[in-house]
Amino acid sequence: MIKKSFEKREKDIAKKRFGQNFLKDEAVLHSIIESMPNDNLPVVEIGPGLGDLTRYLVEIKDVTAYEVDKDLCGHLHSRFEHALRRDTQKGRLVLHCVDVLDQWNHTSLADQPYHLVANLPYYIATNIILRALKDPNCQSLLVMVQKEVAEKFAARPGQKAFSALSVLAQEAGEAHICFDVPPEAFIPAPKVVSSVLKIVKRKTCDDPQFEAFLKAAFTQPRKTLAKNLSSRFDKRVVKEAFEALGIGATVRPHEVDTSLYHHLYKFLADASIGS
Ligand code: SAM
């Protein structure tokens, strides 16, 4: 009875426009904590919500959290009163009540290397992951996202889900799906299955031209790669590049691996400068 009324309250609190689905399953919360990198770096959490994941994070790490919803910030201030770091008070948690995307426009989310751990708001999840890949201080990401989005980042060449996002993730490091999470683990339950995605970065990549090239390469995933690229580059140069690199004319975008995409990009970029 009491549990039911809590669930109703959380359902009422949840704001759709901020992508609020609160993770309530204790076993899943533990599995996220167990999947975290094992070092002393601080953590950045995006969207602490009611603070259920934050509660475990502050037990073991220094945490900087970004929450856009002012009502939830009020709740978090009282829930973590003793853990908050203020001018006069030492604590493990720094809470910023802002839109994380605005913050990222100015600077990194932390002034030192950090790990990102979050149950992300799904409406901006891809955007957040791409920004984290470009943030030089971000060393790894452990994020809950919609299963389809996780598959796009973690797919290997040859798999159907292999996409521009897979190439960008592999370029930055190693990506894999840790485990899936059913809708019932959340209040309110989302309409989709979720997955916890882990990306451990080797380096930071921030090349808008390469991203634009990949966007063109995967515009129509079922068409041939040559056709997709011909919408952006001279058809003859694309043919020349394919011959030089030994890529078959009928190859589809998901069949080419990350390093070959690099060679192709370099060839086409050099050819465009030369022409
Ligand atoms: N971490 C909590 C949990 O696991 O139960 C809540 C996760 S909920 C899926 C997403 C959270 O991100 C919400 O608290 C929401 O208010 C917050 N959020 C949405 N958009 C945001 C933004 N642009 N900047 C910061 N937080 C945001």
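Which of the 23 residues around the ligand come nearest? They are Gln20, Leu23, Gly47, Glu67 and Tyr123, where a residue is near a molecule if one of its heavy atoms lies within 4 Å of it. The model is predicted, so local features need pLDDT of at least 70 and side-chain atom pairs count only at pLDDT 80 or more, whereas totals for chains, interfaces and linings use all residues. Residues are numbered from 1 along each chain as its sequence is written, and side-chain values use heavy atoms, with hydrogens and water left out.

Figure 1. A polar contact here is a pair of N or O atoms within 3.5 Å. An N or O atom in the side chain of Gln20 is 2.8 Å from an oxygen atom of the ligand. Of the 590 Å² of accessible area that the ligand has on its own, the protein covers 99% (Shrake-Rupley method, 1.4 Å probe). The shell around the ligand consists of 13 nonpolar, six polar and four charged residues; Ala, Val, Leu, Ile, Met, Phe, Trp, Tyr, Cys and Pro count as nonpolar, Asp, Glu, Lys and Arg as charged, and the others, Gly among them, as polar.

**Figure 2. The largest cavity.** The whole structure holds two cavities of 30 Å³ or more. A cavity is a set of points, on a 1 Å grid over the protein atoms alone, where a 1.4 Å probe fits but cannot get out; its lining residues have an atom within 4 Å of a point. The largest cavity has about 390 Å³ of space, a volume being the space filled by probe spheres set on the points. The ligand sits in this largest cavity, meaning that more than half of its atoms lie within 2 Å of the grid points. Of the 30 lining residues, Gly47, Pro48, Gly49, Glu67 and Asn119 lie nearest the centre. Strand S1 (22-23), strand S2 (43-46) and helix H3 (52-60) each supply at least two residues of this lining; helices (H or I, at least four residues) and strands (E, at least two) are DSSP runs.

**Figure 3. The second largest cavity.** About 90 Å³ of space lies in the second largest cavity. Its lining includes Leu130, Lys134, Cys205 and Phe210. Helix H6 (125-134) gives the most to this lining, with three residues. The lining divides into five nonpolar, no polar and five charged residues.

**Figure 4. A cis peptide bond.** The bond from Ile187 to Pro188 is cis, with omega near -15°. Pro188 is placed in the loop between strand S8 (186-187) and strand S9 (194-201).

Conventions
A polar contact is a pair of N or O atoms within 3.5 Å; within protein, one must be able to donate a hydrogen and the other to accept it, and residues adjacent in sequence count only if both atoms are side-chain atoms. On a 1 Å grid over the protein atoms alone, a cavity is a set of points where a 1.4 Å probe fits but cannot get out, and a pocket is an open set with protein on both sides within 12 Å along at least five of seven lines; lining residues have an atom within 4 Å of a point.
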